[in-house]
Amino acid sequence: MNTDEHEHVIEVTDLRRVYGGGFEAVRGITFAVRRGEVFALLGTNGAGKTSTVELLEGLARPAGGRVRVLGHDPHAERDVVRPRTGVMLQEGGFPSELTVAETARMWAGCVSGARPPREALALVGLERRAGVRVKQLSGGERRRLDLALALLGRPEVLFLDEPTTGLDAEGRRETWELVRALRDGGTTVLLTTHYLEEAEGLADRLAILHEGRIAAAGTPAEVTAAQPSRISFELPDGYFVGDLPSLGELGVVGHEVDGRVVRLRTRELQRTATGVLVWARRAEVELRRLDVRSASLEEAFLRIAREASAKTAERYEEYAA
Ligand SMILES: Nc1ncnc2c1ncn2[C@@H]1O[C@H](COP(=O)(O)OP(=O)(O)OP(=O)(O)O)[C@@H](O)[C@H]1O
């Protein structure tokens with residue numbers, strides 16, 4: 001096995017997927033995932049995340065472009081790729097009359113070199129539910145069972161399609177810890193998620209899909225760095241926003257005033273924050289409810305989705321004109 005951590009375990013080049021009827025769900029996307037990396041695909045509903053992951057899993061053939069997983073074509077060379085990957089689909093769909101342990105044993109029987117089923121169930125915290133029928137599990141417990149089954153084959157690459165949907169806050173945190181532990185052990189993880197907090201906390205790098213195209217990509221810090229930071233505070237009675245140094249001088253790119261509360265947006269957080277604090281000190285003013293923060297991934301995501309939608313509307317208007 002090649003353990004070069006810079007090796008690209010997943011390579012996607014100008015990938016396209018077209019459904020029957022001609023709808024193009026994936027419109028030429030390119031990205032690569034290194035060994036031992038957690039990579040998140042984000043996007044609004046219908047952005048093309050599942051359509052992309054299915055191509056990576058070899059479940060369908062691309063309409064154009066190229067996919068390589070562990071150096072192989074996952075569709076044409078499914079026999080080589082499948083034993084080295086673990087797949088957690090959005091809907092597991094295994095027989096629900098079986099117990100959890102029976103399901104894991106049945107699945108393990110189909111996997112060469114499988115972990116002991118009990119070990120896989122313990123990894124996801126389901127060992128105490130081993131004797132329960134699958135149909136009696138809660139939605140969150142089913143997601144954990146899906147994950148346990150994906151881990152049975154000790155995969156080098158793990159595909160997780162919305163792994164924490166339906167889990168409560170604790171279950172979600174436990175899954176995050178497990179994914180981090182797997183990553184630290186060298187597993188490469190590609191996940192889709194609707195939870196931006198999940199991508200921010202878990203992903204080494206991510207791509208935001210919008211209508212089948214990549215609208216932004218990079219580390220969570222890189223993607224959020226392109227968005228303005230915010231500073232808010234409350235001015236004491238008798239002070240107004242006009243008493244501050246000029247907003248242009250402070251590097252402010254937008255502001256709102258709501259009663260005594262002032263909210264500033266800036267791309268130069270340190271310069272703006274310093275300017276406001278130095279002013280407050282000189283004026284001997286106490287700024288109550290002072291809050292200084294970088295943009296969150298959620299803000300970046302919403303802005304990128306809005307901008308991408310506006311571009312699509314522009315293209316549509318040009319086309320219709
Ligand atoms: N079998 C299909 N036939 C035709 N169109 C499809 C098919 N499956 C998906 N689509 C369409 O392709 C687009 C992308 O769907 P996909 O499921 O990949 O999105 P997604 O990003 O995973 O969305 P979600 O977050 O809602 O799961 C959607 O517009 C969807 O309606």
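**Overview of the chain.** Of the 321 residues in the protein chain, 37% count as buried (20 or more other C-beta atoms within 10 Å of the residue's own, with C-beta atoms placed from the backbone). This is a predicted model, in which local features need pLDDT of at least 70 and side-chain atom pairs count only at pLDDT 80 or more, while totals for chains, interfaces and linings use all residues. Residues are numbered from 1 along each chain as its sequence is written. The protein chain holds ten helices and 13 strands; these are DSSP runs numbered from the N terminus, with helices being H or I of at least four residues and strands E of at least two. Along the principal axes, its C-alpha atoms fill a box of roughly 75 × 55 × 40 Å. Among contacts in the protein chain with a separation of 6 or more, 70% are between residues 24 or more positions apart (a contact puts C-beta atoms, placed from the backbone, within 7 Å).

Eight bridges link β1 (residues 8–18) to β2 in the antiparallel sense, and R16 stands opposite R27 in β2.

Around the ligand you will find Y19, F23, A25, G43, N45, G46, A47, G48, K49, T50 and S51 (each with its C-beta atom, placed from the backbone, within 6 Å of it). Helix α1 supplies the largest share of this shell, three residues. By class, the shell has four nonpolar, six polar and one charged residues; Ala, Val, Leu, Ile, Met, Phe, Trp, Tyr, Cys and Pro count as nonpolar, Asp, Glu, Lys and Arg as charged, and the others, Gly among them, as polar.

**Close-up of strand β8 and its partners.** Strand β8 (residues 205–210) is mostly covered, with five of its six residues buried. Five bridges join β8 to β3 (residues 38–43), running parallel, and L41 has A207 as its bridge partner in β8. Another partner is β9 (residues 213–218), which runs antiparallel to β8 and is joined to it by five bridges; A207 stands opposite A217 in β9. In the hairpin of β8 and β9, with two residues between the strands, E211 takes a positive phi near 45°.

**Close-up of the nonpolar cores.** The largest nonpolar core has 64 residues, and those with the most contacts inside it are A40, L42, A148, L190, L206 and I208 (a core is a set of buried Ala, Val, Leu, Ile, Met, Phe, Trp, Tyr and Cys residues joined through C-beta atoms within 7 Å). Leaving aside residues up to four places away in sequence, I208 touches L42, G43, A215, A216, F301 and I304. Apart from this core lies another of ten residues, including I231, F233, L250 and V276.

Strand β10 (residues 229–234) pairs with β13 over four bridges, where R230 has R293 as its partner.

Notes: Pairing = 2+ DSSP bridges. Buried ≥ 20, exposed ≤ 12 C-beta atoms within 10 Å, placed from the backbone. Contact = placed C-beta atoms within 7 Å.
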